[in-house]
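Good morning, and thank you for coming. Please look at the structure on the screen while I go through some of its contacts and helices.

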Amino acid sequence: MDRNPSPPLPSRDEEGEEGAGGDCIGSTVYSKHWLFGVLSGLIQMVSPENTKSSSDEDEQQMELDEEMENEICRVWDMSMDEEICVGILGNMACFQEICVSISSDKNLGQVLLHCLYDSDPPTLLETSRLLLTCLSQTEVASVWVERIREYPAIYDSICFIMSSSTNVDLLMKIGEVVDKLFDLDEKLMLEWIRNGAVQPLDQPQEDAEEQPVFKIVPCVLEAAKQVRSENPEGLDVYMHILQLLTTVDDGIQAIVQCPATGKDTWNLLFDLVCHEFCQSDDPPIILQEQKTVLASVYSVLSAIFASQAEQEYLKIEEDLPLIDSLIRVLQNMEHCQKKPENSVDSNTEETKKSDLTQDDFHLKILKDISCEFLSNIFQVLTKETVAQGVKEGQLSKQKCSCAFKNLLPFYSPVIEDFLKILHEVDKTLADDLEESFPSLKVQT
C-alpha cells in the first residue's frame with residue numbers, strides 16, 4: 001500500500017441513526033460501529049474453530065482479503081492517535097482489576113501524567129477522565145496522589161487549563177480532578193495553595209513574564225466564570241473546591257489576603273446567591289437541585305465575612321440582600337421537608353429508617369451553614385440597616401419569624417440583641433415577634 005488509508009466514512013444508516021457525529025470516537029471521524037465491526041470480524045477470523053476448519057496446515061500463514069487488510073490498517077492508523085489511546089485506557093480503567101493494573105505500571109503512569117502537558121483539548125479531556133476514574137478507586141487513589149505530588153509541573157498545567165480554556169467539558173472534568181485531589185489529600189491541597197505565593201528565588205527576573213506564576217484561587221474563579229457562562233449547573237464542582245480551600249487557614253488567606261482576589265470571589269458568589277440561585281420566582285422545590293452548590297457558596301461567603309469584616313467589598317448595604325437570600329432558602333427548606341397531607345403514616349421500622357434520606361442529609365448541611373452565616377450577619381446589623389430592612393421587606397414579620405424559628409435556641413444571644421435594635425426601630429413588630437417567641441422577651 002502506498003499510504004495509510006483514510007478513516008472510513010460513516011454509512012448512511014449510521015448518519016441517520018447517530019446524527020451530528022454522535023457515533024464518532026472522541027473528536028475523530030472514526031465510527032464506533034465500524035471499529036467494533038472490524039474487531040469482531042478479526043476475532044472471528046483468528047478464532048480456533050475457524051482456523052482449524054480453514055486449513056490442514058497449522059503453520060500456514062493466514063492471508064487476509066484486501067478489504068480486511070485495509071480495515072486493519074485503518075485500525076493501526078487510528079491507534080496512533082494519543083486521544084483515542086488514552087480514551088480506551090479510560091474506558092478500561094472502569095474495571096477495578098484493569099485500573100489496578102494500569103496504576104501499578106509506573107512507566108505508564110508517567111506517560112499518562114505527561115499527557116496533561118498536551119495542548120490538545122480532546123487529549124486533555126480523556127486524560128482527565130482517566131485520572132478521575134483512577135482517583136475514584138480507593139485501592140489506587142493514593143498512588144496517583146503521590147505521583148502527582150512528584151511532578152510539580154502538573155500544578156502549572158492544571159492551573160493553565162483552568163485559567164485559559166474555553167472548553168467547558170474539559171473545565172468541568174479538570175475541576176472534578178482537582179476537587180477529588182483536594183478531598184483525598186489535604187497536604188497536596190496545602191502545597192497547591194502555597195504554590196505561587198512567592199516567586200522562586202532562582203528564577204531570573206527576565207523570565208518572570210514568560211513563565212507566569214499561577215495562584216490556585218484566581219484560576220478556579222476564572223474556570224467558574226467560564227463554566228457559568230455556558231453551563232451554570234456545572235458550577236457545583238468549582239464551588240466545592242473553594243469550600244475545601246476554606247477548611248484550612250492558608251486557604252482562607254489565599255482568598256482574602258489579596259484584596260483583588262477577595263473582591264473577585266465575593267462578587268461572584270454574592271451574584272450567584274442574590275441573582276441566580278433560589279430566586280423569589282423559582283418554585284421552592286428548586287432547592288433540591290441547588291442544595292449542594294448553595295451550601296458551598298454560603299460556606300465560602302461566611303468564611304470571607306467572618307475573616308475580613310473590614311474589607312471595602314463587604315459593604316453594609318449588601319447585608320440585606322444576603323439576609324433575604326438566606327431566609328428564602330430556609331423558607332423553601334421548610335416547604336421541601338413537609339410531608340404530603342395525603343401520605344399514609346407508617347410506624348414500621350423500615351419507614352423510620354428511610355426518613356433520613358440523602359436529601360435530608362444535604363438539606364441539613366445547608367441549613368446549618370445558612371443559620372451560621374445568617375447569625376453572623378445579624379450580629380453586625382446597625383439600627384439604620386434594620387430600619388431599611390423593615391421598610392423594604394427583607395425583615396418583615398414573616399421573614400423574621402422564619403429566621404427566629406431556625407436560629408433558636410442555638411443563637412439566642414444574637415436574636416436577643418437583634419430584638420433590642422428592632423424595638424427602637426419598630427416596637428409593634430418587635431412586640432409581635434416576642435409574642436410568637438415568649439422566651440425572647442427583652443428585659444426592660
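Predicted model: local features only at pLDDT ≥ 70, side-chain atom pairs only at ≥ 80, totals over all residues.

S128 touches L116, L170, K173, I174 and V177, where residues up to four places away in sequence are not counted and contact means heavy atoms within 4.5 Å. S128 lies in helix α8; helices here are DSSP runs of H or I with at least four residues, strands are runs of E with at least two, and both are numbered from the N terminus. With a relative accessible area of 1%, S128 is buried. Buried means under 20% relative accessible area, exposed means over 50%, and partly exposed is in between, using a 1.4 Å probe and protein chains only.

Residues are numbered from 1 along each chain as its sequence is written, and side-chain values use heavy atoms, with hydrogens and water left out.

As to the chain as a whole, it has 24 helices and zero strands. Of its 444 residues, 44% count as buried.

Which residues of α6 are buried? In this helix, residues 96-104, they are C99, I102 and S103. Seen down the axis of α6, they fall within an arc of 95°, so they line one face of the helix; the arc is that of the directions from the helix axis to the C-beta atoms. The face turned away from the buried side of α6 carries the exposed residues E97 and S104.

Next, the largest nonpolar core. Such a core is a set of buried Ala, Val, Leu, Ile, Met, Phe, Trp, Tyr and Cys residues joined through side-chain atoms within 4.5 Å. The largest has 116 residues, and M162, Y238, F378 and F404 touch the most other members. Helix α17, residues 286-307, gives the most to this core, with 11 residues. Beyond four places in sequence, F404 touches F378, I415, F418, L419, L433, F437 and L440.

L190, I193 and R194 in α12 meet D250, G251 and A254 in α15.
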